[in-house]
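Please open the model in your viewer and keep the selection tool at hand. The stops below are meant to be followed in order.

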Amino acid sequence: MNYENLKKEDQAIFDIIEQEKERQINEIELIASENYVSKSVLEAMGSVLTNKYSEGYPGHRYYGGNQMIDKAENVAIERAKQLFDAEHVNVQPLSGSPANAAVYFAFLKPGDKVMGLKLDHGGHLSHGHPVNFSGMLYDFVQYEVDSKTGKIDMEEVRKVALKEKPKMIVAGYSAYSREIEWDKFKEIADEIGAYTFADIAHTAGLIAAKKMNNPVPFFDVVSTTTHKTLRGPRGAMIMCKEKFAKQVDRAVFPGMQGGPHDHINAAKAVAFGEALRPEFIEYGEQVIKNAQTMADEFEAKDYRVISNGTDNHLLVVDMTSKEIDGKTAEIALEKCGISVSRSTIPNDPNPPMKPSGVRFGTPAVTTRGMKEAEIKKIVEWIDKAIKNRNNEKTLKEIKNEVKEFSKDFPIPSA
Ligand SMILES: *Cc1c(COP(=O)(O)O)cnc(C)c1O
């Protein structure tokens with residue numbers, strides 16, 4: 001993008017954007033929830049559509065002048081339906097957490113019982129954590145991953161579900177690296193008459209690329225962010241069975257939100273269009289190959305990978321296997337120009353601000369065109385940085401090498 005006017009009119013913000021662009025170009029992004037959008041997505045986000053108010057839905061707006069906005073929103077909806085085989089789509093949710101709030105609002109009353117995965121086992125704040133609205137408004141009971149395998153044990157899920165009889169079961173996670181048995185969740189929910197809610201915020205792009213199982217055709221309701229593996233603008237959407245369309249739409253607007261962000265929704269349409277192309281299938285495949293290579297490389301260097309590997313774009317590594325905690329590792333890697341996020345591990349003995357693990361993800365580096373050979377190089381640097389975490393000189397050297405290496409892998413939108 002060309003920021004000529006910004007440069008003239010607001011040097012302060014222009015400079016910050018330029019510096020952030022440089023940071024993105026010179027550093028390696030391994031945060032599992034991040035990605036780089038295309039130039040087309042960025043252009044749609046930066047368009048005049050941001051000037052419009054369009055409360056309501058296509059054909060039924062509370063403001064005039066929405067002919068073009070209606071078309072854009074309908075394109076987004078149609079492409080999302082095609083991508084995920086969805087009966088009904090609402091593209092207006094502003095982000096993942098507000099989308100989840102709308103889902104609960106559409107299906108539950110405050111105080112209703114809901115079942116979700118525990119946060120420190122890979123769940124999300126909006127799946128019932130006590131500091132989050134979800135944990136405050138609803139009576140959440142939590143299931144856990146198996147302490148030996150690090151995987152979700154469907155027998156355990158069934159046991160908790162039959163005992164607690166929640167009104168809704170939530171599946172789909174933020175720090176879980178394995179395929180999810182959606183069909184078994186559906187069977188269990190049917191046994192107790194619970195709603196099925198899948199939050200595919202992290203894996204939506206891999207599902208769209210047909211590389212992971214898709215819950216949309218048989219779950220009652222599914223939410224996703226659009227900015228993670230799906231590689232669109234920062235935002236979200238909700239997909240559901242036709243019979244729940246009205247209550248979901250009403251929960252989003254007027255229930256939770258006011259006017260939709262039309263520039264973002266147009267950018268969602270652009271991203272969905274990109275995800276429908278054959279190149280995106282190759283992208284999804286490479287994301288997973290890269291994550292599996294990364295897991296293998298860590299294991300070869302005696303790091304403990306939770307669940308011993310990955311089926312998707314991310315892995316959680318127990319850093320205490322190298323006598324370091326996740327936060328200290330995150331800081332050492334930041335000094336080398338490698339961004340990661342510290343993470344809890346299942347049954348973490350350490351506190352959340354200084355947890356035992358680090359979560360690594362490959363969506364962003366794969367967008368830059370990195371493949372297995374580059375992943376191996378990156379793990380070499382990570383291992384070297386962990387071993388030399390107290391040696392500022394070595395960390396600086398790695399940072400320079402990372403910068404030189406990154407030059408060959410341009411960021412589409414920078
Ligand atoms: C990222 C994420 C969200 C929240 O998305 P925001 O856009 O950050 O609000 C919700 N659920 C899951 C599982 C996530 O990973």
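The tour goes from a sheet to an aromatic cluster and then to charges over rings.

This is a predicted model, in which local features need pLDDT of at least 70 and side-chain atom pairs count only at pLDDT 80 or more, while totals for chains, interfaces and linings use all residues. Residues are numbered from 1 along each chain as its sequence is written, and side-chain values use heavy atoms, with hydrogens and water left out.

Select residues 357–361, which form strand β15 and pair with β14 in the antiparallel sense over three bridges (strands are DSSP runs of E, at least two residues, and helices runs of H or I, at least four, numbered from the N terminus; two strands pair if DSSP finds at least two bridges between them). Within this pairing, Ser-341 has Arg-359 of β15 as its bridge partner.

Next select Tyr-104, Phe-133, Tyr-138, Phe-140 and Phe-197, which form one aromatic cluster (rings of Phe, Tyr and Trp, the last by its six-membered ring, pair if their centres lie within 6.5 Å; planes under 30 degrees apart count as stacked, over 60 as edge-to-face and the rest as tilted). Tyr-104 is buried, at a relative accessible area of 0% (buried means under 20%, exposed over 50%, partly exposed in between, with a 1.4 Å probe and protein chains only). The rings of Tyr-104 and Phe-197 have centres 5.8 Å apart and planes at 85°, so the pair is edge-to-face.

Finally, select Lys-377 and Trp-381, where the charged end of Lys-377 sits over the ring, 4.6 Å from its centre (the criterion is NZ of Lys or CZ of Arg within 6 Å of the ring centre and within 35 degrees of the ring normal).
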